[in-house]
Amino acid sequence: MRQVAVLGATGSIGASALDVIARHPDRLQASVLAAGSQVDALLALCRTYRPAHAVIADEALYATLRDGLREAGLSTQAHAGTQALDMLAASDACDTVIAAIVGAAGLSSTLAAARAGKRLLLANKESLVLAGELLMAAAREGNATIIPIDSEHNAIFQCLAGCSDTTSLSRITLTASGGPFLGRNRDELAQVTPAQAVVHPKWSMGPKISVDSATLMNKGLEVIEAHHLFGVPGQRIRVLVHPQSLVHSIVDFTDGSSLAQLGLPDMRTALAVGLGWPQRIESGVSSLDLLTEGGRLDFEAPDLEAFPCLALAFRALQAGGTAPAVLNAANEEAVSAFLQGRIGFLSIPDTVTATLDTVPMQLADSLDTLLAADARARTQARALIDNPTTTQRKYARA
Ligand code: NAD
Ligand code: MG
């Protein structure tokens with residue numbers, strides 16, 4: 001029986017993961033459920049899945065969780081705080097960890113699971129962008145198996161058939177849906193609202209990744225993610241817009257073969273691959289019928305002028321060191337401000353550009369260096385968001 005910790009259980013990936021787990025009561029058990037601050041939603045999941053442990057990251061909610069579990073008559077043990085989260089991710093309570101917390105907040109528990117040698121189903125792409133070398137090294141040293149839970153990277157994993165020798169791989173093509181604003185120019189993008197940005201045409205996802213998909217930063221983060229997961233330099237990673245979102249990525253090999261993975265856009269497929277590998281298990285997702293899906297597969301180059309975030313990510317990957325951490329932190333702050341209605345859509349790439357230009361790049365020699373770069377980038381991005389004109393003037397002088 002696989003004992004699965006679902007970190008970010010109340011989110012979109014968490015819900016998909018629990019759906020797949022519930023289909024296999026004979027082989028999968030949700031043993032740890034964790035959430036940030038949605039304690040009621042976490043309690044509801046505990047009533048359904050009866051895990052051995054439940055963790056709420058917000059320590060102020062510990063008593064609510066503990067009392068709610070007691071009132072429900074559950075033997076689930078209550079925990080709170082990030083240390084408890086890290087401890088459980090590394091403990092014997094699980095052999096498999098689904099890292100589905102959103103943002104840099106997911107790094108610590110992801111690293112803990114990697115060091116402890118878990119099967120790591122990695123959805124939290126921000127941890128790879130922020131600390132890719134360290135995370136991959138921790139997984140190697142801890143003998144952890146990483147299975148990517150991002151549809152593109154999961155596709156590549158499948159095309160490589162789980163083989164970690166990627167020397168015969170000559171290029172990776174990441175496909176992108178183009179997001180809700182595909183085809184719009186900069187003038188049209190200036191006015192778009194958070195409500196419009198979070199409605200993705202093909203995927204149902206949490207708010208942060210939905211905005212990232214609308215700016216194409218999501219694809220930029222995925223380029224950096226692919227670089228770390230598969231050891232391929234940025235020059236050999238290409239992005240193609242594929243509006244149907246049925247081809248999830250393509251791998252070119254040195255012998256002229258190209259392999260692609262296709263399927264309906266539903267994250268339960270990637271999660272079932274991660275949970276069952278090397279076996280294939282039922283996910284609840286129907287097989288793809290290309291005729292009923294319209295019989296067309298279109299591909300086009302991304303518009304980097306309207307969506308500069310993708311180019312910014314390539315730039316950060318090329319610069320290396322702490323630059324991807326700075327890119328990620330500035331983007332998290334900008335997306336959060338956009339979702340709160342404090343800045344416009346085009347201020348997201350502007351904030352990231354200005355932060356990358358001003359925060360000095362360093363070698364990514366330790367976790368402390370990376371976390372310090374993350375903190376500096378957040379301070380800089382917040383200053384720009386709070387007072388764009390002052391910060392821009394200061395920035396112009398720097
Ligand atoms: P979401 O917003 O729906 O859920 C986020 C989860 O993280 C929630 O359970 C929340 O409680 C938890 N969380 C937030 N802050 C936390 C904190 N400080 N400590 C502990 N837990 C915290 O997000 P999502 O769409 O499920 O995405 C999760 C991750 O998976 C992201 O990194 C995203 O990029 C990645 N991802 C998602 C999809 C998708 O289809 N949703 C696809 C590919 C990759
Ligand atoms: Mg993806």
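How many residue pairs are in polar contact across the interface of domain 1 and domain 2? The legends below start there, working on a predicted model in which local features need pLDDT of at least 70, side-chain atom pairs count only at pLDDT 80 or more, and totals for chains, interfaces and linings use all residues. Residues are numbered from 1 along each chain as its sequence is written, chains are lettered from A and ligands numbered from 1 in the order in which they are written, and side-chain values use heavy atoms, with hydrogens and water left out.

**View 1. Polar links between the two domains.** The rule finds 5 residue pairs in polar contact across the interface of domain 1 and domain 2, both partners being at pLDDT 80 or more. (Such a contact is a pair of N or O atoms within 3.5 Å; within protein, one must be able to donate a hydrogen and the other to accept it, and residues adjacent in sequence count only if both atoms are side-chain atoms.) On the domain 1 side, α5 (107-115), α6 (125-142) and β7 (145-148) each supply at least two of the residues that touch domain 2. Helix α6 gives the most, with 10 residues. Helices (H or I, at least four residues) and strands (E, at least two) are DSSP runs, numbered from the N terminus.

**View 2. How the domains sit together.** Domain 1 covers 2-148, and domain 2 is made of 174-254 + 304-395; these bounds come from an automatic or database domain assignment. Their C-alpha centres lie 26 Å apart. Contact (heavy atoms within 4.5 Å) involves 19 residues of domain 1 and 23 residues of domain 2. Together the domains bury about 1700 Å², 70% of it on carbon and sulfur atoms. In domain 1, Lys125, Val129 and Leu130 lose the most area to domain 2, together 37% of what that side buries. Buried area here is the accessible area (1.4 Å probe) that two parts lose on being put together, summed over both.

View 3. Side chains of opposite charge can pair when their charged atoms come close. The cut-off is a side-chain nitrogen of Lys or Arg within 4 Å of a carboxyl oxygen of Asp or Glu. The whole structure has 20 salt bridges, and the count between domain 1 and domain 2 is 2. Lys125 pairs up with Glu222, their closest N and O atoms being 2.9 Å apart. For Lys208 and Asp212, that distance is 2.7 Å. Both Lys208 and Asp212 lie in helix α10 (residues 207-215), 4 residues apart, about one turn of the helix.

**View 4. Two backbone spots worth a look.** The peptide bond from Trp277 to Pro278 is cis, with omega near 10°. Pro278 lies in the loop between α12 and α13. Over in the loop between α6 and β7 is Asn143, which has a positive phi of about 65° although it is not a glycine.
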